[in-house]
Structures are given as structure tokens and as C-alpha cells.
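This briefing covers one protein chain.

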Amino acid sequence: MQLGVRVCVPTVAVLDLFCRGCLSRARSLPGRSFSSLPRQMSRWNSRETCSPPPPQENPRVLITGGLGQLGVGLAQMLRKQYGTENVILSDIKKPPPHVYTSGPFVYADVLDYKHLRELIVNNRITWLVHYSALLSAVGEANVALARKINITGLHNVLDLALENCLRLFVPSTIGAFGPSSPRDPAPDLCVQRPRTIYGVSKVHGELMGEYLHHKYGLDFRCLRYPGVISVNTPPGGGTTDYAVQIFHDALSTGHHECYLRPDTRLPMMHISDCHRATIEFMQAPECQLSLRTYNIAAMSFTPEEVAQEIRKHLPHLKVTYNPDSVRQTIADSWPVRFDDTNARRDWGWAPAFGLEELVTDMLRSIRDKRTNEGLPVS
């Protein structure tokens with residue numbers, strides 16, 4: 001069978017997008033990639049390489065799993081920078097009205113390779129943000145489904161990113177570390193060996209992305225997120241979700257029952273810092289990156305410490321502790337702190353929110369949200 005080929009190499013017009021080191025690496029790669037491949041044939045078995053596509057005025061972004069905790073907010077920030085029509089949100093669920101009317105939304109199942117490929121080709125996608133995944137606690141309750149979504153779905157995305165020369169972002173997690181990892185702090189490069197299907201799938205994603213980058217030139221980028229704290233999306237089955245729920249409980253009932261021990265310290269981050277880190281990382285010139293997977297950090301606290309900070313605003317808050325064996329075991333295997341020295345050095349990462357700023361912002365935002373929805377505020 002004769003395969004069609006296309007040229008996919010940088011031209012003079014993209015010289016301003018690359019530093020000398022990046023250009024040198026790009027020029028050393030063979031300049032072919034298959035534009036149309038049967039699903040059964042993988043570019044991983046060829047010597048084809050992926051070089052950057054010709055420049056566009058703005059990136060064309062597709063976000064998978066966009067109705068989870070992170071997708072909608074990231075889409076809003078990207079649309080402000082690059083234009084509403086250039087950022088497409090996708091998921092397998094029906095979006096609420098405010099999401100549907102705020103910008104392009106499409107149905108996309110990451111397990112449906114053909115349909116995902118059509119979306120990428122028809123919409124001229126250049127950046128792909130892959131948020132589709134089952135989180136830690138939910139994944140342990142349904143390992144087979146987590147394996148399909150977190151690993152099979154990832155492989156579909158990797159294939160398509162390589163085939164279409166996309167800049168691909170796949171988040172990793174605090175859960176990519178295990179009990180044998182250094183915990184205080186956990187560096188970028190160390191023994192990982194997680195003990196959840198979520199963590200295993202994320203380590204698999206880190207390593208496959210780095211492999212395809214080094215072998216074929218895929219522009220793969222990955223950040224290990226700490227626990228992410230936000231107002232707009234309810235907790236979705238993660239081990240760090242108590243740090244979201246406690247704010248809602250503080251303003252609704254004044255009582256929170258925590259499923260972790262009071263002294264369980266974990267890395268955390270305000271969602272606006274998480275979005276900003278993702279965008280700044282995606283925008284960073286490739287030649288600034290010494291790694292393809294970075295830790296990012298902002299703060300680290302225990303349930304009792306965040307409760308004490310909330311009591312500075314709401315002295316009546318009562319917290320009881322009823323540790324859940326599954327989530328507590330997961331948390332005990334995770335790092336206490338992240339070492340993000342490399343991210344700060346390579347592309348200038350710096351958080352804006354500490355614990356005090358986080359608590360003040362979350363209480364204000366949830367109070368406003370409950371008031372607007374006509375709900376009582378404690």
C-alpha cells in the first residue's frame with residue numbers, strides 16, 4: 001500500500017519561534033510524517049518524526065474532559081488570550097447552559113479514535129490539552145474503566161498528536177508518586193512506583209510522552225499538579241477533595257467531616273495558579289525546557305491547618321475526623337511537598353496564592369456563589 005506523505009518541517013517563517021538550540025534539533029530530524037494512517041499502523045514503529053507545523057496567528061486548542069474541575073476555567077483564560085473561536089471545549093457530558101453559550105463545545109469521547117481525529121483535522125487543532133481521566137478514589141473503585149480512559153484514551157491522544165504535529169499537554173499528579181518516593185520534598189526525577197491505577201496511568205503517560213518526544217520530536221508537555229482547589233466545580237473523586245468541600249461546609253452547615261487524619265500534609269494549589277502555570281508552560285519556547293515533566297508547587301497544608309485558617313473568618317467551624325481507609329492509604333503514599341525548582345528556573349514559574357490568600361478567596365467566592373443562587377450562608 002502506498003502511503004501519502006507530507007512535509008512537516010519548520011520554514012524561514014518560524015525562525016522567530018525557536019532559539020538556536022531548538023532549530024538545531026528540529027533540523028536534525030527527518031522531515032516526513034504520515035498524513036493519513038490506518039488505525040492499525042502506528043507511527044511508533046516507523047522512523048518518522050514530528051516537527052513543528054507552520055505558524056498561525058493564534059493556536060487552535062482542543063481540551064478533552066473539559067467539564068471536569070479544570071477545563072472550563074482554562075478555556076476561559078485561553079479564550080481571553082487567543083479568541084473565543086480558537087478554543088474548543090469537549091466532553092461526553094451535556095454542558096450547562098453557561099458553558100455552551102460561552103464558546104465552542106463539542107462531544108468527544110477519547111476512546112473513539114476516528115471521531116477524535118476528525119475533530120482535530122476539521123478544526124485545524126495545533127494545541128491539545130488532555131484532561132480526560134478518572135481520578136484516584138474513583139479509579140480505585142473501577143479499575144477497568146480507569147485503565148480504558150486513562151491509558152487507552154491517552155494512547156489515542158498520543159497517536160493523534162504525533163500524526164498531526166500537535167503541542168500536547170497531559171497533566172500528571174501528586175498521585176504519580178508512591179510510598180518509596182522521597183516525600184519531603186519530592187523532586188522531579190526520583191523513584192515513583194505509585195499504588196493506584198490513577199498514579200500508574202499517569203507515570204505511564206509521563207514516560208510515553210517523553211519517549212515519543214526524544215524518539216520522534218513530539219512536543220509533549222506535562223505538569224504534576226498538586227491538589228487543586230476551586231469554587232466552580234464540585235469535588236470529583238480525588239483524595240485531596242476535602243480541601244474544596246471544607247469551604248462549602250463551613251459556609252453552609254458550619255460542620256465538616258474530614259475523611260483524612262488532621263495531620264495529613266499534602267501539596268495544594270489555587271485553581272487560578274494551576275491554570276496560569278499550564279498556560280505559561282504551554283507558551284514557553286521549547287528550548288527553555290530541560291524536562292518534559294515538571295513538578296509545580298504553591299503551598300502544603302494539613303486539614304487542621306486549613307481549618308484553623310478558616311476559623312480566622314468563621315470561628316464557629318467544627319471539624320470532625322473520620323478517616324476513610326482507602327483515601328488515607330493513598331494520601332499516606334503521596335509527597336508532603338513538591339520540589340519545583342526546575343520549573344521556577346526553566347520557565348519562571350511562581351505561585352500567587354499562599355494558604356492565607358487561598359482561604360480568603362475561597363470563602364469570598366463561595367459566599368457570593370451561594371448568595372447569587374439564593375442559598376443560606378452560615
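The crossing of helices α2 and α9 is right-handed. The model is a predicted one. The protein chain holds 13 helices and 15 strands. Of its 378 residues, 55% are buried. Among contacts between residues at least 6 apart in sequence, 77% join residues at least 24 apart.

**Helices α2 and α9**

- Helix α2 covers residues 71-82 and helix α9 covers residues 271-283; their axes come within 10 Å and cross at roughly 50 degrees.
- On the α2 side the contact involves G73, L74, M77, L78, Q81 and Y82, and on the α9 side H275, R276, T278, I279 and Q283.
- By residue type, the contact of α2 with α9 consists of five nonpolar, five polar and one charged.

**Helices α6 and α7**

- The axes of α6 (residues 143-163) and α7 (residues 197-216) also come within 10 Å, and they cross at roughly 15 degrees.
- That angle makes α6 roughly parallel to α7.
- The crossing of α6 and α7 is right-handed.
- From α6, the contact uses V143, A146, R147, N150, I151, L154, H155, L158 and L162.
- From α7, the contacting residues are I197, Y198, S201, H204, G205, M208, G209, L212 and Y216.
- The residues of this contact between α6 and α7 divide into 11 nonpolar, six polar and one charged.
- In an α-helix with 3.6 residues a turn, residues three or four places apart point the same way.

**Nonpolar cores**

- The largest nonpolar core contains 36 residues, and those with the most contacts inside it are I229, Y242, F247, M268, F301, V306 and I310.
- Two or more residues of this core come from each of α8 (242-252), β12 (266-270), β14 (299-301), α10 (303-311), α11 (325-332) and α13 (355-372).
- Helix α8 supplies the largest share of this core, seven residues.
- F301, one of the residues with the most contacts inside the core, is in contact with I229, Y242, A243, T264, R265, L266, M268, V306, L355 and L358, leaving aside neighbours within four places in sequence.
- A second, separate core has 34 residues, including Y82, L89, A284 and W349.
- Y82 of this second core is also one of the α2 residues that meet α9.

**Helix α8**

- Nine of the 11 residues of α8 are buried, so the helix is largely enclosed by the rest of the structure.
- The buried residues are Y242, A243, V244, I246, F247, H248, D249, A250 and L251.
- Y242 and F247 are among the buried residues of α8 and among those with the most contacts inside the largest core.

**Strand β4 at V87**

- V87 is found in strand β4, which covers residues 87-91.
- V87 is buried, with a relative accessible area of 0%.
- Not counting residues up to four places away in sequence, V87 touches V61, I63, A75, L78, R79 and P104.
- One of those residues is L78, which also takes part in the contact of α2 with α9.
- V87 and P59 are 28 residues apart along the chain, and their C-alpha atoms are separated by 8.4 Å.

**Backbone exceptions**

- Most residues other than glycine have a negative phi, and most peptide bonds are trans.
- D184 and P185 are joined by a cis peptide bond, with omega about 0 degrees.
- P185 is in the loop between β8 (172-173) and α7.
- R193 is also in the loop between β8 and α7, and R193 has a positive phi of about 50 degrees although it is not a glycine.
- R193 is exposed, with a relative accessible area of 64%.
- R124, another residue other than glycine, has a positive phi near 55 degrees.
- The position of R124 is in the loop between α4 (113-122) and β6 (127-130).

Notes. Residues are numbered from 1 along each chain as its sequence is written. This is a predicted model: local features need pLDDT of at least 70, side-chain atom pairs count only at pLDDT 80 or more; totals for chains, interfaces and linings use all residues. Side-chain values use heavy atoms; hydrogens and water are left out. Axes are lines fitted to C-alpha atoms, for helices over the stretch in contact, and angles run from 0 to 180 degrees between N-to-C directions. Helices (H or I, at least four residues) and strands (E, at least two) are DSSP runs, numbered from the N terminus. A crossing is left-handed if the near helix is turned anticlockwise from the far one by less than a right angle, and right-handed if clockwise. Contact means heavy atoms within 4.5 Å. Ala, Val, Leu, Ile, Met, Phe, Trp, Tyr, Cys and Pro count as nonpolar, Asp, Glu, Lys and Arg as charged, and the others, Gly among them, as polar. A nonpolar core is a set of buried Ala, Val, Leu, Ile, Met, Phe, Trp, Tyr and Cys residues joined through side-chain atoms within 4.5 Å. Buried means under 20% relative accessible area, exposed over 50%, partly exposed in between (1.4 Å probe, protein chains only). Angles under 35 degrees count as roughly parallel, over 145 as roughly antiparallel, 65 to 115 as roughly perpendicular and the rest as oblique.
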